[in-house]
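Here are my notes on this model, as numbered points. Keep the structure open while you read.

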Amino acid sequence: MEPMIELAGVTKLYRTVLGVNDISLQLHSGAFGLLGPNGSGKTTLINLILGQIKPTLGTVRLFGKSPWKNDRLTRRIGLCPTVEIAYPNVSAKEWVTFLVQMHGFALPAARQAACRALELVKLDHAMDRPIGTYSLGMRQRAKLAQAIAHNPDLLILDEPFNGLDPVGRFEMTEFLRNWVHEGKSLILASHILHEVEAVHPAFLLISGGRLLASGTPQEVRQILADSPSEVVVHCNQAARLASVLCERNLVQKLNILADQQIRIVTPSAAKLFDQLPGICQQHGIVVDQLTSENESLQSLFATLMRIHRGES
Amino acid sequence: MISIQGVQAMLAFELRRAVTLQRMATTIVLILFPPLMLALMVLGPRAFGEEPSRELFPEFPTVFLLGISCILSLLLWATPNVYSEMESKGWAFIACRPKGRTSLLLGKYIAAVVYSYVVCLLSASLCTLVAYWLDGYAKSTSFWLSLNGIFGLACIVYGAIFSLIGVLFQKRGMVFAAGYALLVELILGFVPAVINRITMRYHLQYLAVKWFDVLPEEVIQGMELVYGPIRSNAFHISVILGAAAGVLFVANIVIQRREYVTAEDV
């Protein structure tokens, strides 16, 4: 099956500034979270996928074709960029209708599609009001409406949760879940990890213009199994456990947080978890609680960033 | 290929966006500036008991004043085609549509031409009224028609040139466009050599000379000696329209191939 998106050794330089650096990946239809801190290259990657910029090195293919100057492909994509709408005296209905018309729709069909999209994002009650009177969350919904109004196959959202209140965030998450359930593809760029996690598990992690990891969290955890990670153990003999772990070279760094609590940075979480039950049994140590930062995408991201920075 | 729907949508949206107090105020100033100045040129001498100069009045002051309005209007509308969208963040939404860049270029160009032509039309009508009312000008209808013909062609060609400048120079496009108007059209246009024929002023000037038909034959012959020969109307009009089409073609190639990147995208 042909990948939806394929990047082969893609590097993008803005004169002397590195946008993305030697990224290779293949994404089949589905939903992906594009995660990375600000300035990590997310927007550059999106612009490369959209064909708005050319790679300095390497090739980009979208639905099997080069997206650069390929207008037919843009019909299949809905983009909700991170930038704000700056047409204060125009209503959301007019703006979305205009953008749907740009896809080649006749005015009545464009107006109908715009109204439907605005209804889907629950902005139909205010769609005739000028955008200048909208709250940040309403503008975010209008941006989403223009991205979905022409019924694209692939929806690309850049920081869609910005400015949304908790209810808005929940509704956005629900909307994106439904979008994915309908079998459509989604790329969601964000630095708010739990929101990405709430929509779907597959992700791409990018930092410093490099792709650090990709796949489901399970797949990445697999990659990380032998990588350093942090574990906090609550047990009845914290000092004793610390001593045994040091003897067995399972500890890279260790903090005794309290009488019954230690924080361990282990070179191999898999090895630690493999040996810990035996150690506890052998030394009569009772573990009440064991928490690993790797339980959430947030910690996965932090760990990968540490590895990338060479801090492990 | 051009998306007619896209160009139409861009044009309609651009004109719809223009309905703001700021733009309306600018429009009123641009419309009223030439007739008010023309009125002052008549009333000023009369206030001191003198009659305004009859020679070449009111054709050339009107053309000059309307020219300023026309160029200013096109500068404000056509030049910031890409920059205004980059600045207002509309670019990201428009450029990812099929033929979005071409639609933006042509939609904004047509909007600039329509707007500037309407400004010139209204202003020229008021100038004609002023000339008629204050000076009893006899050839009002032909004067009005000539003005509209000249400024219609000027809007088409200068709109295209300023659009190209806007596409080439994302920032400071207005400075380059003003520089072009001054250095090429004004200074180069007055150079008594073949080079002045590359300016649009050369063709518009001779069309004005023929259409207004007020200059004595010896003055026209003198002009031909300095600036080059007068050709047929069809030749001058063809050069102007051809130049507009050619410049727009180049602008379209540039806007299609260029990577427009803001600091936020990096």
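1. Start with confidence in chain B. It is lowest in helix H3 (residues 59–77) of chain B, with a mean of 85. It is highest in helix H11 (residues 233–257) of chain B, at 96. These values are pLDDT, the predictor's confidence in each residue, from 0 to 100. Chain B has a mean pLDDT of 88, and 95% of its residues reach 70 or more. Helices (H or I, at least four residues) and strands (E, at least two) are DSSP runs, numbered from the N terminus.

2. This is a predicted model: local features need pLDDT of at least 70, side-chain atom pairs count only at pLDDT 80 or more, and totals for chains, interfaces and linings use all residues. Residues are numbered from 1 along each chain as its sequence is written, while chains are lettered from A and ligands numbered from 1 in the order in which they are written. The model scores ipTM 0.84 and pTM 0.83.

3. Now the interface. 28 residues of chain B are in contact (C-beta atoms, placed from the backbone, within 7 Å) with 34 residues of chain A. Helix H1 (4–17), helix H5 (91–95) and helix H6 (100–135) of chain B each give two or more residues to the side that touches chain A. H1(B) gives the largest share, six residues.

4. Turn to chain A. Strands S1 (residues 5–14) and S2 (residues 17–27) of chain A pair (at least two DSSP bridges) in the antiparallel sense, over seven bridges. Lys12(A) stands opposite Val20(A) in S2(A). In this hairpin, two residues lie between the strands, and Arg15(A) takes a positive phi near 55°.

5. S1(A) also runs antiparallel to strand S4 (residues 57–62) of chain A, with five bridges. Ala8(A) has Thr59(A) as its bridge partner in S4(A).

Technical notes: Two residues are in contact if their C-beta atoms, placed from the backbone, lie within 7 Å.
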